[in-house]
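Here is a short briefing to read alongside the model.

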Amino acid sequence: MFTTMKYLTILFIATFALASCNKVEEIAPEDVTPEVTIDTATQTLLLSGDFSGSSAHPSTTGKAKIFIDANNNRTLVIENLKVDNGPDLRIYLAEDTAITNFVEISNTVKNGTNSFAIPSTVNLEKQKVVSIWCKAFSVSFGNSSLVKP
Amino acid sequence: MKKITAYTLALLLVSIFSFAQDKNTTIIDASAAFGSGFSPSLGITKKWGIGSKGRFKIGTGVRLTNFSGSNIDFITAPADLTIDEANLDTLRLGSAAVTYVAIPIHLEYSFNEKFDIGFNIDVVGLTFGGEQSGTFAASQSASLNNSTQVGSPTSPNILLVGDNDRGSLNSELYARYWATEKLGIRAGLSFQFIEYTTNRPLTFDNDRFRAKLMQPMIGISYKF
């Protein structure tokens with residue numbers, strides 16, 4: 001009942017209001033997260049997992065792997081990713097699929113195989129879910145829960 | 001001819017003036033809603049009659065609303081998240097207390113001099129209130145489920161479409177009986193959104209949580 005009244009009121013306001021131009025909010029371009037190149041043959045595989053799609057984007061596929069080198073530099077490698085196009089997609093490492101305590105790994109998402117440096121702040125004992133997340137609209141495009149190989 | 005024109009103009013002005021006085025009113029409303037909590041409000045409204053009889057009125061003004069309650073559940077608020085029930089988590093605040101001032105819009109219909117029905121809703125406003133702590137229930141987050149979180153009232157407030165509303169908003173659906181020429185009594189339902197923002201993002205990068213509360217309401221009105 002209140003929802004109906006609310007819509008009627010909004011309609012009433014809109015009817016009496018002057019038409020105004022709608023300014024489309026554009027997502028401000030940000031610096032693109034640099035990708036890294038690694039030779040996986042010389043590194044140790046720590047964790048890996050397959051991507052599965054979300055309810056909104058079920059077709060996401062691919063594989064996520066985390067490697068560590070002799071200097072303890074960690075790298076996220078996403079292989080053969082196939083994900084729907086979307087605005088403002090991000091790659092997060094989080095504790096779960098609800099992206100609890102996430103850390104942003106990349107502010108761009110590309111299909112195919114790409115590698116990203118993992119910040120030292122990431123705790124791989126807890127943050128073991130790679131999430132592809134649409135920040136603008138709070139929608140998951142897929143997740144990969146990483147486990148030891 | 002000049003006299004007729006002058007008389008006609010004078011008659012027209014007098015009739016418009018008296019007509020306007022009859023159709024347009026300024027009212028102070030004081031009300032209290034109770035149930036899930038306690039919510040007094042105080043507002044002043046200027047209403048303008050529409051149509052030849054002015055029975056349908058539209059108005060605006062200023063309204064101050066306070067809400068206080070215990071053990072109130074605040075659910076994930078952003079519209080982007082509420083479209084999927086799987087995204088909904090709950091912040092239960094042991095004590096919620098907000099005060100908000102808003103500009104509402106009023107729609108009212110007068111059946112006769114004694115009896116009105118009406119609806120009003122806050123359009124924009126500001127909310128004040130202190131931090132509150134509560135328990136966060138999140139089935140998809142092992143580390144945040146049952147954790148203690150702190151939130152503050154969301155401000156500013158704005159009425160939008162669907163779940164895109166932001167902040168705390170009051171609305172009332174009521175009937176009014178004018179006991180005297182100046183004094184009326186109102187009864188109806190109050191529907192409020194009360195919103196808190198946590199001091200950090202929780203699940204799904206969200207920090208906004210909203211309670212939707214429908215409570216019976218009674219009040220008095222004074223017409224100037």
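Which strand gives the most to the lining of the largest cavity? That is β2(B), with five residues. This is a predicted model, in which local features need pLDDT of at least 70 and side-chain atom pairs count only at pLDDT 80 or more, while totals for chains, interfaces and linings use all residues. Residues are numbered from 1 along each chain as its sequence is written, chains are lettered from A in the order in which they are written, and side-chain values use heavy atoms, with hydrogens and water left out.

**Cavities**
- There are three cavities of 30 Å³ or more; a cavity is a set of points on a 1 Å grid over the protein atoms alone where a 1.4 Å probe fits but cannot get out, and its lining residues have an atom within 4 Å of a point.
- The largest cavity has a volume of about 60 Å³, a volume being the space filled by probe spheres set on the points, which are joined across faces, edges and corners.
- Of its 13 lining residues, D29(B), G43(B), R63(B), H106(B) and E172(B) are the closest to the centre.
- Strands (DSSP runs of E, at least two residues, numbered from the N terminus) that each supply at least two lining residues include β1 (25-34) and β2 (38-50) of chain B.

**Salt bridges**
- Over all chains the count is 18 salt bridges, each being a side-chain nitrogen of Lys or Arg within 4 Å of a carboxyl oxygen of Asp or Glu.
- E172(B) and R63(B) form one of them, at 3.3 Å from N to O; E172(B) lies in strand β9 (residues 169-178) and R63(B) in strand β3 (residues 56-76) of chain B, so the pair ties together parts that are 109 residues apart in sequence.
- Both partners are buried (under 20% relative accessible area; exposed is over 50%, partly exposed in between, with a 1.4 Å probe and protein chains only): E172(B) has 2% and R63(B) has 4%.
- E172(B) and R63(B) also belong to a network of salt bridges, with D29(B) and K47(B) among the other members.
- R92(B) pairs with D73(B) at 2.6 Å; R92(B) is partly exposed at 42%, and D73(B) is partly exposed at 31%.
- In chain A, D88(A) and R90(A) meet at 2.7 Å, N to O, and both are buried.

**Confidence**
- Chain A averages a pLDDT of 86, pLDDT being the predictor's confidence in each residue, from 0 to 100.
- Residues 18-26 of chain A stay under 50, with zero contacts beyond four places in sequence; a contact means heavy atoms within 4.5 Å.

Technical notes:
Helix = DSSP H or I, 4+ residues; strand = E, 2+ residues; numbered from the N terminus. 1 Å grid on protein atoms, 1.4 Å probe; cavity = no way out; pocket = protein on both sides within 12 Å on 5 of 7 lines; lining within 4 Å.
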